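Let's take a walk through this fold together, with the sequence and the coordinates side by side. Please keep your viewer open as you read.

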Amino acid sequence: GNSGGPLVNALGEVIGMNTFIFTGSPYEQGWAGIGFAIPVNRIKEIVKEIRTHGSINRDYWLGIVRVQDLNAQIVRALGLPVESGVIITQIERGSPAYRAGLREGDLIVALNDQPVKNVDQFVDLLTNMDLRVGDVLKFTIYRENRKSEIQVKLEPLRR
């Protein structure tokens, strides 16, 4: 297999590391399918962080516990100027998100300038950002029909 092997361009330069192949069927195996790789610049960042800190700390604390999809009834009831997003329905008091100014009832419409249309997309964005302790997230929200941006710095997860 090629998992873990270098991905090279036509000039023989390493441009990434192969990770896995998706064949599209549990009954097919082999090399045919879509290959996935980690870009070389991301690998360089990870290696540098491991050399500097000995590990990568992805156990971050945000503090947003629960969000809910926006729907037509909520849009009408609140007279919102948007038709998609997620509403914060539970947030931990004292959490990084709370201290930054996010509140229950805030409508999140973007995260780091990426549109948020529903809960699934919000979770996907958070999952795929490769977030670490110390990273800053920019939330674009509506509160009382006013659009604003709130930055939240991720902190170590409290256990």
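Predicted model: local features only at pLDDT ≥ 70, side-chain atom pairs only at ≥ 80, totals over all residues.

Residues are numbered from 1 along each chain as its sequence is written, and side-chain values use heavy atoms, leaving out hydrogens and water.

Back to the strands. Two bridges join β6 to β7, and these strands run antiparallel; strands are said to pair if DSSP finds at least two bridges between them. β6 also pairs with β5 in the antiparallel sense, over five bridges. In that pairing, R66 has Q90 in β6 as its bridge partner.

Now for the interior. In soluble globular proteins, nonpolar side chains tend to be buried together. A nonpolar core is taken here as a set of buried Ala, Val, Leu, Ile, Met, Phe, Trp, Tyr and Cys residues joined through side-chain atoms within 4.5 Å. Buried means under 20% relative accessible area, exposed means over 50%, and partly exposed lies in between (1.4 Å probe, protein chains only). The largest core has 23 residues, of which L62, I64, L102, I108, F122 and F139 touch the most other members. The elements that give two or more residues to this core are β5 (64–69), β6 (86–91), α3 (96–100), β7 (107–111), α4 (119–128), β9 (136–143) and β10 (146–153). The largest share, four residues, comes from α4.

Strand β10 holds I150, which is buried, with a relative accessible area of 10%. What does I150 touch beyond its neighbours within four places in sequence? The contacts are A100, G101, L102, L137, K138, F139, I141 and R143. The C-alpha atoms of I150 and T140 are separated by 6.6 Å, although these residues are ten apart along the chain.

Next come the charges. Side chains of opposite charge can pair when their charged atoms come close. With a salt bridge defined as a side-chain nitrogen of Lys or Arg within 4 Å of a carboxyl oxygen of Asp or Glu, a search of the whole structure finds seven. One of them joins R42 to D130, whose closest N and O atoms are 3.2 Å apart. Because R42 lies in helix α1 (residues 40–53) and D130 in the loop between α4 and β9, the pair ties together parts that are 88 residues apart in sequence. R42 counts as partly exposed at 36% relative accessibility, whereas D130 counts as buried at 15%.

Another salt bridge brings together the side chains of E155 and R99 (2.0 Å, N to O). This pair links distant parts of the chain, 56 residues apart, with E155 in strand β11 (residues 155–156) and R99 in helix α3. E155 is partly exposed at 21%, and R99 is partly exposed at 46%. D113 and K138 form a salt bridge too, their closest N and O atoms being 2.8 Å apart. D113 sits in the loop between β7 and β8 (114–115) and K138 in strand β9, so the pair ties together parts that are 25 residues apart in sequence. D113 is exposed, with a relative accessible area of 52%, while K138 counts as buried at 18%. Salt bridges that share partners also join R42, E49, D130 and R132 into one network.

Finally, a look at the backbone. Most residues other than glycine have a negative phi, and most peptide bonds are trans. N112, in the loop between β7 and β8, has a positive phi near 50°. N145, in the loop between β9 and β10, has a positive phi near 60°.

Methods. Contact = heavy atoms within 4.5 Å.
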